[in-house]
Amino acid sequence: MRFYDVIQDAIVSHAGEWWTYLITGLLCWLDGFFPPLPSESIVIAMASLSSTHGGPVQLWLLILLAMAGAWAGDNTAYWIGRKVPLEKLFRGERGGRILARAHHLIHHKGPEVLLSGRFIPGYRIAVNMVAGHVRLPYRRFMVIDFFATCLWAAFSVGIGLAAGSLFHDRPLLGIIVGVTLGLLVGWAIERIGKWREWRKLAKTLADQSRPE
C-alpha cells in the first residue's frame, strides 16, 4: 500500500500544473495522425482529478485543449492523406486491411464513420487520411470533425468525472477504472461497427441469391 500511496500522491501533486495541460493537448494532436498514443487515457485521468471533485485540474481548460488538440490532429491526418501515398504508411497485411476497411467505410457511410471513427484509436487515423486521399471536401470534413471531436472530448471527460465521483477518496483507482472503461467503450464501438458490416453483407448476399 505504501508504493500505491506514493504513486497516487505523485499524480495528484503534479496534476493541474501548466505542463500537464500542454502534454494533454500535444498527445491529443499527435494521436490524430501518429500510431495510437494514449490521448483518451490522459484526458480521462485528468478529468477524474478535476476541481469538480476537489482536485487541481481546471475542467474548462482540459476540455478546450482536448478538443483543440484532437481537431488539429484529425486535420493533420486529412492533409497527410492528400499529400502522401497511403500505401507507404499502411504497410503489411494488417495495414492493408485497415486501409481497405477505411476506404469502404468512407465511400458507403461518410459522415457516420467520421463521427464513430474518432472513438477508435488507429482506425480514426486511417479514416481521416482516407478522407483526404479521396478528397472529401475539406470544409465538410472540418465541420463533421468539429462535432466528432466535441463528442469525443465530452465522452472522455464524462468518463473521468464519473470515475472521479465513484472513487473520490482513491484518485489513482479512479484513474485506472476510468481509463479501462474508456478502452472498453472504444473496443465495443469497433465490434458493433464490424457486426453491422457483416450483417449488411449477409443481407446483400441473401438478396442476390434469391431467384428473380
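Let's start with helix α7, residues 123-133, which is mostly covered: ten of its eleven residues are buried. Helices here are DSSP runs of H or I with at least four residues, strands are runs of E with at least two, and both are numbered from the N terminus. Buried means under 20% relative accessible area, exposed means over 50%, and partly exposed is in between, with a 1.4 Å probe and protein chains only. The buried residues of α7 are Y123, R124, I125, A126, V127, N128, M129, V130, A131 and G132.

Before we go on, a word about what you are looking at. This is a predicted model, where local features need pLDDT of at least 70, side-chain atom pairs count only at pLDDT 80 or more, and totals for chains, interfaces and linings use all residues. Residues are numbered from 1 along each chain as its sequence is written, and side-chain values use heavy atoms, with hydrogens and water left out.

Now, what comes just after α7? There you find R135, with a positive phi of about 60 degrees. That is a positive value in a residue other than glycine. R135 sits in the loop between α7 and α8. Is R135 buried or exposed? With a relative accessible area of 52%, R135 is exposed.

Let's step back to the whole chain. How many helices and strands does the chain have? There are nine helices and zero strands. Read from the N terminus, the elements go α-α-α-α-α-α-α-α-α. Of the 212 residues, 41% count as buried. Next, the contacts, where contact means heavy atoms within 4.5 Å. Among contacts in the chain with a separation of 6 or more, 77% come from residues 24 or more positions apart.

Next, please find α2, residues 18-30. This helix has 13 residues and reaches 19 Å from its first C-alpha to its last, close to the 18 Å expected at 1.5 Å a residue. The expected span is 1.5 Å times one less than the number of residues. In α2, the buried residues are T20, Y21, T24, G25, L27 and C28. Seen down the axis of α2, they fall within an arc of 165 degrees, so they line one face of the helix. The arc is that of the directions from the helix axis to the C-beta atoms. Turned away from the buried side is a face that carries the exposed residues W18 and L22.

Buried in α5 are G95, I98, L99, R101, A102, L105 and I106. These residues cover an arc of only 165 degrees around the axis, which puts them on the same side of α5. The face turned away from that buried side carries the exposed residues E93, H107 and H108.

Just after α5 comes G110, which takes a positive phi of about 60 degrees. G110 is in the loop between α5 (92-108) and α6 (111-117). At 13% relative accessibility, G110 counts as buried. The C-alpha atoms of G110 and F141 are separated by 9.6 Å, although these residues are 31 residues apart along the chain.

Now for a pair of helices. Two packed helices are described by the angle between their axes and the distance between the axes. The axes of α3 (residues 39-48) and α4 (residues 59-83) come within 10 Å and cross at roughly 170 degrees. That makes α3 roughly antiparallel to α4. Axes are lines fitted to C-alpha atoms, for helices over the stretch in contact, and angles run from 0 to 180 degrees between N-to-C directions. Angles under 35 degrees count as roughly parallel, over 145 as roughly antiparallel, 65 to 115 as roughly perpendicular and the rest as oblique.

Which residues meet there? V43, M46 and A47 in α3 meet L59, L62 and A66 in α4. The residues of this contact divide into six nonpolar, no polar and no charged. Nonpolar covers Ala, Val, Leu, Ile, Met, Phe, Trp, Tyr, Cys and Pro, charged covers Asp, Glu, Lys and Arg, and the others, Gly among them, are polar.

Last stop: α8, residues 138-166, where T149 lies. T149 is buried, with a relative accessible area of 1%. Leaving aside neighbours within four places in sequence, T149 is in contact with M67, A70, W71, D74 and R118. G160 is also in α8, and at 0% relative accessibility G160 counts as buried. G160 and E40 are 120 residues apart in sequence and 9.8 Å apart in space, C-alpha to C-alpha.
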